[in-house]
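Let's take a walk through this structure together. Have the sequence and the 3D view at hand, and follow along one stop at a time.

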Amino acid sequence: MAGPQTCLQLPVLDISEPLAPPSLSQACQDWGFFYISNHGISLDLIARISSLSKNLFNVPSSSKQLLGPNSTLKTYTPHFIVSPFFESLRVWGPDFAASAMSSSSVLLGEPELALCEVLQEYGTKMVQLSKRIMEVLLRCLGDGLDYEHLQHDFQNSHGYLRINNYTAPNNQEENEGLGIHTDMSCITILHQNEIGGLQVRCKEGNWLDISPNEGNLVINIGDLLQAWSNGRFKSSHHRVVLRGSNPRLSLAFFWCFEDEKVIYAPDKVLGERNFRLYRPFLCKDYLRFREEASDKVGYESIGWTVMDFAGIQASKTKN
Ligand SMILES: O=C(O)CCC(=O)C(=O)O
Ligand SMILES: [Fe+2]
C-alpha cells in the first residue's frame, strides 16, 4: 500500500507558450504554488550568482553586521533573526547592480563588479518574468478582454531579490531553516538549489515537499495578490527544512505592489463570490503590520497574515 503523500505534484507553466495548462487556476486556488519552465534563466547564471555570493557570506560576521538591521543600508539579515541556520542579503531593484555595489563595497572594501553584473542580469530577467507570469494569472481571473483592464493595477509594481544562505548543523535531525510564513508579495519567483527542503502546509496541517524540479523555478502567490484577487488565489504558509549538512542557497525574488497602492479587489475579479473578503488597505500599512509582528513575535507570521490585517471577518486589533 502506498504511504502518505509527502511530495506535492504541481503544474508546470511553460512561460514561452501562449496557453496555460488547465490545472493552473486550480493550483493557484488550492496551493498558490506552481512551477515555470522555459524561463530563460540559465544554470550558468545561477552558478555564477551562487559562487560570487558565497564570497560575500564568507566575510567575518563583524563586517556583515555593517549591513545589519541597525545599519543604514539594512540589506543583511544575520543568523538568529529568522533561524540560527539562515542569513540573507537583500538586493533592491530596479537598479540591482547599484544595490549590490553598495553592499559588496561595505563587505569587501571594494565593489564586487562581477556580482553586480550578474545580479543586474538576474534581476532584470525576474522583472520581465514577473510581468509575464502576472499576465497569465490575470487571464486566469478575468476571461478575455477583462485582463487588460486588470493589468493597470500592476503598472507600478516593483521587485527585490533575497539571496538566502542556509547552513545546517551536522546532525541527524531535521532542522527548520526558515519558519512558517506567508510572503508579503504579489508573486515570488524562487530558485532553490538541488538540496530541496521547501515545504507547503496542507489544510490538515501536515507538510508537503515542493521538490527541485528539473531546473524549473517555483512560483508562489503572496499575500498582496491573495487580497487583491479576493481570495481566489491563495498565499500558502510555507517553510524550509534542512536535512543533512549540505549548504543550501536560494534566490527569492519578490514582485510587489508599490507602497502607496490601495489594495482593493476590482469588481471584475470577484467572480461568483459577490462580496469582498478584505477591506481596502494601503500596501505600506500591511508591510508595517508585518514588521511590527516580527518585532513582537519573531519571524513566523501565524496570526499576522493579510486575513488578520484586512479580512472583513477578522478581528483587527492586535495587542
Ligand atoms: O529558501 C527557500 O527555498 C524559500 C525562501 C522563502 O520562502 C522566502 O524567502 O520567503
Ligand atoms: Fe517565502
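What follows is a tour that begins at the metal, moves on to the ligand and ends with some residues elsewhere in the chain. Keep in mind that this is a predicted model.

Start with the iron ion, which is ligand 2. Which residues hold the iron ion (ligand 2)? Three of them do the coordinating: His181 and His238, each through NE2, and Asp183 through OD, at 2.1 to 2.2 Å. Read along the sequence, these donors follow the spacing H-x1-D-x54-H. The two histidines come from distant parts of the chain: His181 belongs to strand β6, which covers residues 174-181, while His238 belongs to strand β11, covering residues 238-243. The pair is 57 residues apart. Are His181 and His238 buried or exposed? Both of them are buried.

Now look at ligand 1. You'll find it in the largest pocket.

Arg248 has a polar side-chain atom 2.8 Å from an oxygen atom of ligand 1. For Asp183, a polar side-chain atom lies 3.1 Å from an oxygen atom of ligand 1. His238 also gets involved, with an N or O atom of its side chain 3.1 Å from an oxygen atom of the ligand. How much of ligand 1 does the protein cover? On its own, ligand 1 has 290 Å² of accessible area, and the protein covers 97% of that.

Stay with strand β11 for a moment, where Arg239 has its place. Arg239 counts as buried because its relative accessibility is 14%, and the cut-off for buried is under 20%. Its side chain has polar partners: there is a contact of 2.8 Å with the side chain of Gln199, and another of 3.5 Å with the side chain of Glu176.

Lys64 is another charged-residue stop on the tour, sitting in helix α3 (residues 61-64). Lys64 has a relative accessibility of 5%, so it counts as buried. The side chain of Lys64 makes a polar contact of 2.9 Å with the side chain of Glu87.

Finally, a few spots in the backbone deserve a look. Most residues other than glycine have a negative phi, and most peptide bonds are trans. Lys74 has a positive phi of about 50 degrees, although it is not a glycine. You'll find Lys74 in the loop between α3 and β3 (76-77), and at 48% relative accessibility Lys74 counts as partly exposed. Asn230 also has a positive phi, near 55 degrees. Asn230 lies in the loop between α7 (223-228) and β11, and with a relative accessibility of 1% Asn230 counts as buried. As for peptide bonds, the one joining Gly93 and Pro94 is cis, with omega about 0 degrees. Look for Pro94 in the loop between β4 (86-92) and α4 (96-108).

Notes. Residues are numbered from 1 along each chain as its sequence is written. Chains are lettered from A and ligands numbered from 1 in the order in which they are written. This is a predicted model: local features need pLDDT of at least 70, side-chain atom pairs count only at pLDDT 80 or more; totals for chains, interfaces and linings use all residues. Side-chain values use heavy atoms; hydrogens and water are left out. Donors are N, O and S atoms within 2.8 Å of the metal (3.2 Å for Na, K and Ca); water is not among the atoms, so sites may look incomplete. Helices (H or I, at least four residues) and strands (E, at least two) are DSSP runs, numbered from the N terminus. Buried means under 20% relative accessible area, exposed over 50%, partly exposed in between (1.4 Å probe, protein chains only). A polar contact is a pair of N or O atoms within 3.5 Å; within protein, one must be able to donate a hydrogen and the other to accept it, and residues adjacent in sequence count only if both atoms are side-chain atoms. Accessible areas come from the Shrake-Rupley method with a 1.4 Å probe; for residues, only the protein chains shown count as cover. On a 1 Å grid over the protein atoms alone, a cavity is a set of points where a 1.4 Å probe fits but cannot get out, and a pocket is an open set with protein on both sides within 12 Å along at least five of seven lines; lining residues have an atom within 4 Å of a point. A molecule sits in a cavity or pocket if more than half of its atoms lie within 2 Å of its grid points.
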